[in-house]
Amino acid sequence: MDTWEKIAIGIVIVLVTLFMLPGTRRMIEVSKDAPKDWKGVLLPIGAVIAFVVFLVLTL
């Protein structure tokens with residue numbers, strides 16, 4: 001990859017980050033008042049971990 005491509009990719013990453021920053025701040029402010037739903041987070045993560053363990057054990 002040429003140097004100018006690396007610079008262009010870096011500029012795009014910075015611009016996307018700056019574009020998303022106000023929305024991210026607003027989302028964090030709103031989420032502080034949201035109800036906590038740990039079951040909704042832990043259930044899919046546990047399912048993925050169990051599936052990966054199943055795949056490893058069946059090799």
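Valine 48 is exposed, because its relative accessible area is 53%. Exposed here means over 50% relative accessible area, buried means under 20%, and partly exposed is in between, with a 1.4 Å probe and protein chains only. Valine 48 sits in helix α2.

A word on the source. This is a predicted model, where local features need pLDDT of at least 70, side-chain atom pairs count only at pLDDT 80 or more, and totals for chains, interfaces and linings use all residues. Residues are numbered from 1 along each chain as its sequence is written, and side-chain values use heavy atoms, leaving out hydrogens and water.

Now the overall layout. The chain has two helices and zero strands; these are DSSP runs numbered from the N terminus, H or I of at least four residues for helices and E of at least two for strands. Lysine 32 is in the loop between α1 (3–31) and α2. Lysine 32 counts as exposed because its relative accessibility is 58%. From its C-alpha atom to that of valine 14, 18 residues away along the chain, the separation is 27 Å.

What does the C-alpha trace of the chain span along its principal axes? About 45 × 40 × 5 Å. Of the 59 residues, 0% count as buried.

Last, helix α2 again, which covers residues 38–57 and includes isoleucine 49. Ile49 belongs to a nonpolar surface patch with Trp38, Val41, Leu42, Ile45, Val53 and Leu57, and together they have about 740 Å² of accessible area. Areas come from the Shrake-Rupley method with a 1.4 Å probe; for residues, only the protein chains shown count as cover. Patch residues have over 30% relative accessible area and no salt bridge, with nonpolar side chains (Val, Leu, Ile, Met, Phe, Trp, Tyr) joined within 5 Å and like charges within 9 Å. A salt bridge is a side-chain nitrogen of Lys or Arg within 4 Å of a carboxyl oxygen of Asp or Glu.
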